[in-house]
Amino acid sequence: MAVSDSESVGQYDLLIVGPGVLGRIVAERWQQEHPDCKIFGHTATTDHHSELTQLGIIPSLKGPAVQKVPYVIFCAPPYRTDDYPGDLRVAASNWNGQGSFLFTSSTAVYDCSDNGLCSEDSPCVPIGRSPRTDVLLKAENAVLEAGGSVLRLDAATLAIAIMERRLRARVFVGCDNQPLSRQEIIDLVNRSGKFDTKFQGFTGTDGPLGKRMDNSKTRAEIGWQPKYPSFTEFLGLSN
């Protein structure tokens, strides 16, 4: 299904490309805030179209739409396509430029793997060093060139807050500003008592250390705070 004429396009109509877990949460919250809007979902297959319909999402296979909409969010992962940047350009062509176009990317693009601190403006991996980050950075560039914005490491409430600001060609980061190592995460899960089985140890200790993210700039501009200030509090534990 697609929008058939310009008169039927609502000012808060939303297209979700890749309506998986994140996209469905965005759809639910968007519908709560804009009950008269229409929400469209573009997918790679028809496997989950009946589920999407039951959720109030109008599903169709990805590609150019009959009519452009004011809000577009792209949540689809890169591993199900041969041309991820091309998919972003198609998504951009379905945006009428009025509301917001947002791409949920990844902090993997930041050039840091030694447990260093990264923020919105930290340097990215140079194009040509890594096929994985090349795909993401080229996709981001397609979005920014179209006037859309990028959110690295996502949360549904933050995505919605950014879209409602109607900003153009910006890069944001989503995180809780309370970075934890994998060991610390496992220790907290064990402490929580939420699972019968206890984690015993890692199978290996090789590999990059990762990065510690800070999104103070995003929070200040968007006025967003996560539902849970930290993973510790999410588990119901005290620091």
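In which handedness of crossing does α1 pass α5? In this predicted model, α1 passes α5 in a right-handed crossing.

**Packing of α1 against α5**

- Two packed helices are described by the angle between their axes and the distance between the axes.
- For α1 and α5, the angle is about 55° and the axes lie 9 Å apart.
- The right-handed crossing of α1 and α5 has a contact to which α1 contributes Leu-22, Ile-25, Val-26, Arg-29, Trp-30 and Glu-33.
- From α5, the residues in this contact are Ala-156, Thr-157, Ile-160, Met-163 and Glu-164.
- By class, the residues of the contact of α1 with α5 comprise 7 nonpolar, 1 polar and 3 charged.

**Nonpolar cores**

- In soluble globular proteins, nonpolar side chains tend to be buried together.
- The largest nonpolar core holds 25 residues, of which Leu-14, Trp-30, Ile-39, Ile-73, Met-163 and Ile-222 touch the most other members.
- Two or more residues of this core come from each of β1 (14-17), α1 (21-33), β4 (69-74) and α5 (156-165).
- The element that gives the most to this core is α5, with 7 residues.
- Apart from its neighbours within four places in sequence, Trp-30 is in contact with Tyr-12, Leu-14, Cys-37, Ile-39, Tyr-71, Ile-160, Met-163 and Glu-164.
- A second, separate core has 23 residues, among them Ile-58, Leu-136, Leu-137 and Ala-142.

**His-49 in helix α2**

- Helix α2 spans residues 49-54 and contains His-49.
- His-49 counts as buried because its relative accessibility is 15%, and buried means under 20%.
- With residues up to four places away in sequence left out, His-49 touches Thr-43, Pro-59, Ser-60 and Leu-61.

**Helix α6 and its end**

- Helix α6 covers residues 182-192, and Leu-188, Asn-190 and Ser-192 in this helix are buried.
- The cover over the buried residues of α6 includes α8 (231-234).

How values were computed
Residues numbered from 1 in each chain as written. Predicted model: local features only at pLDDT ≥ 70, side-chain atom pairs only at ≥ 80, totals over all residues. Heavy atoms only, no water. Core = buried A, V, L, I, M, F, W, Y, C linked by side-chain atoms within 4.5 Å. Buried < 20%, exposed > 50% of the residue type's maximum accessible area, 1.4 Å probe, protein only. Helix = DSSP H or I, 4+ residues; strand = E, 2+ residues; numbered from the N terminus. Contact = heavy atoms within 4.5 Å. Axes fitted to C-alpha atoms, helices over the stretch in contact; angles between N-to-C directions. Left-handed = near helix turned anticlockwise from the far one by under 90°. Nonpolar A, V, L, I, M, F, W, Y, C, P; charged D, E, K, R; others polar.
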